[in-house]
Protein chains: 2
Amino acid sequence: MTRRYLLTVSYDGTAYCGWQAQKNGPSVQETLETALSRLLGSFTRVTGASRTDAGVHALGQRAHFDADTGIPAEKLPFALNTMLPPDVRVTAGLLVPDTLHARFSVMEKTYTYRIHNAPHASALYRSLTAHVPVALDVSLMHEAAQALVGTHDFAAYCAAGGSAKTTVRTIREIAVRREGDRVTLTVTGNAFLYNMVRIIAGTLIDVGHGKLPPECMKTALTTLNRLDLGVTAPACGLELTEVRYPEESLRVHNQNA
Amino acid sequence: MTRRYLLTVSYDGTAYCGWQAQKNGPSVQETLETALSRLLGSFTRVTGASRTDAGVHALGQRAHFDADTGIPAEKLPFALNTMLPPDVRVTAGLLVPDTLHARFSVMEKTYTYRIHNAPHASALYRSLTAHVPVALDVSLMHEAAQALVGTHDFAAYCAAGGSAKTTVRTIREIAVRREGDRVTLTVTGNAFLYNMVRIIAGTLIDVGHGKLPPECMKTALTTLNRLDLGVTAPACGLELTEVRYPEESLRVHNQNA
């Protein structure tokens, strides 16, 4: 009997052209499909929660697939990890209802953007952080970011090339914190536009060293003008940290084994 | 006029055979010497504080060299970093007395050992952590480690191949902490024997999942028997975090420019 499974996937995006299959390099999706198809003995398509860009990392990407297999869901990570390269790890497997869709059922996502804020780039975390040599005023960044909390038209926070029908999104929580040389932005919302978190990060970096006024973040919610904001921050600083679904959507009712 | 300079160096040890020149691959020392010699126009030898092993990382390695240069010490990192690969960064430069020796003048060093304590290895921090899938009792590890504080004969905590004249060392502080999946050991002492921190880490891992009794750490200080302790933990989890010198040894007196 074919059933639906949901995987939690972590990856270092450095070597990948992104989640989705592209012509210019290996994708995480293909890498996962290759391992899964080998494990299950036939080609198996996976559908991800988020189509992360080239170089973007994930701690908690989610992906669903349909299969008729005797492998218990919780054993899938162990079996898959023996077939995956070390920069992709499956950290959880769950049997879910057929109605759960990794992308369309998403309730909320959390992204983390990491900045190495020091005169010299980090040797150790160079592929997991963006380097900003000028000192950032983190309190100012945190304050400015609060303008984004709530439901707004985020059209200004969207790169050309997005295919969203509406640019209205809800941000529930956003925070900027410093721990020594590391500045971390975390943002949780119901959905995100193309490059939205990297535009938020790039703008906050400009706010943090006085290149843009803190009000620009709020202003852009009215003007809807991309030019009111800063540059798109580099992909390597971004991590898809968590994807959440409504609890009831994950509950499997009376399915026979 | 030839003067002595002290650099602070950070590196991702993954691609290196260690600090010191070896036949089996590029060393951090050679990499730094190549950049420095290019910058200064003649071969310049650097002397490191610590000869870190293959795969071991550094946040704050120190190295001295002698040169007659017009480049101000504080500009050296900027100049050198343009010539170094991204996995090696010079983060500080200091003019020091000729009597300061990067290795022999060391007062204290701090090492950090990082463990990813989760069922599956980390995709993101795979080269900066050791993976331990079984759940570790961090309080027990922290308690057991306290036996090492003070001045002891650490002969049991030393791999064969070390060349130290005495195996007596002083540990000032040792701590094991957990933050989610990450378990971190930090240890500060006046000097360390060959593989000492990795043997401490490996033993604490065994203590943390009940394979060795916590008392073994103390017992080994008396028996001086390597076999009373656990395996040497993998190099990739280890970082040389900080090297400190006596303040007065760094003070330059009345040197003419």
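How far apart do the C-alpha centres of domain 1 of chain A and domain 2 of chain A lie? They lie 27 Å apart, in a predicted model whose local features need pLDDT of at least 70 and whose side-chain atom pairs count only at pLDDT 80 or more, while totals for chains, interfaces and linings use all residues. Residues are numbered from 1 along each chain as its sequence is written, with chains lettered from A and ligands numbered from 1 in the order in which they are written.

**The two domains of chain A**

Select residues 3-105 of chain A for domain 1 and residues 108-241 for domain 2; these bounds come from an automatic or database domain assignment. Domain 1 of chain A brings 13 residues to the contact and domain 2 of chain A brings nine, where two residues are in contact if their C-beta atoms, placed from the backbone, lie within 7 Å. On the domain 1 side there are four nonpolar, seven polar and two charged residues, with Ala, Val, Leu, Ile, Met, Phe, Trp, Tyr, Cys and Pro counted as nonpolar, Asp, Glu, Lys and Arg as charged, and the others, Gly among them, as polar.

**Between the chains**

Now show both chains, of which 18 residues of chain A are in contact with 18 residues of chain B. On chain A, the elements that give two or more residues to this side are strands E1 (3-11), E3 (57-67) and E4 (88-96) and helix H2 (76-81), and E4(A) gives the most, with three residues. Helices (H or I, at least four residues) and strands (E, at least two) are DSSP runs, numbered from the N terminus. The side of chain A that touches chain B has nine nonpolar, five polar and four charged residues.

**Helix H1 of chain B**

Move to residues 28-40 of chain B, where helix H1 has 13 residues and reaches 18 Å from its first C-alpha to its last, close to the 18 Å expected, that is, 1.5 Å times one less than its number of residues. Its buried residues are Val28(B), Gln29(B), Thr31(B), Leu32(B), Ala35(B) and Leu36(B); a residue is buried if 20 or more other C-beta atoms lie within 10 Å of its own, exposed if 12 or fewer, and partly exposed in between, with C-beta atoms placed from the backbone. Seen down the axis of H1(B), these residues fall within an arc of 165 degrees, so they line one face of the helix. Just after the helix, Gly41(B) takes a positive phi of about 85 degrees.

**Helix H4 of chain A and two loops**

Leu193(A) is in the loop between strand E9 (182-189) and helix H4 (196-208) of chain A, and counts as buried with 20 C-beta neighbours inside 10 Å.

Finally, select Leu224(A), in the loop between helix H5 (216-223) and strand E10 (238-244) of chain A. Leu224(A) is partly exposed, with 15 other C-beta atoms within 10 Å, and its phi is positive, near 60 degrees.

How values were computed
The arc is that of the directions from the helix axis to the C-beta atoms.
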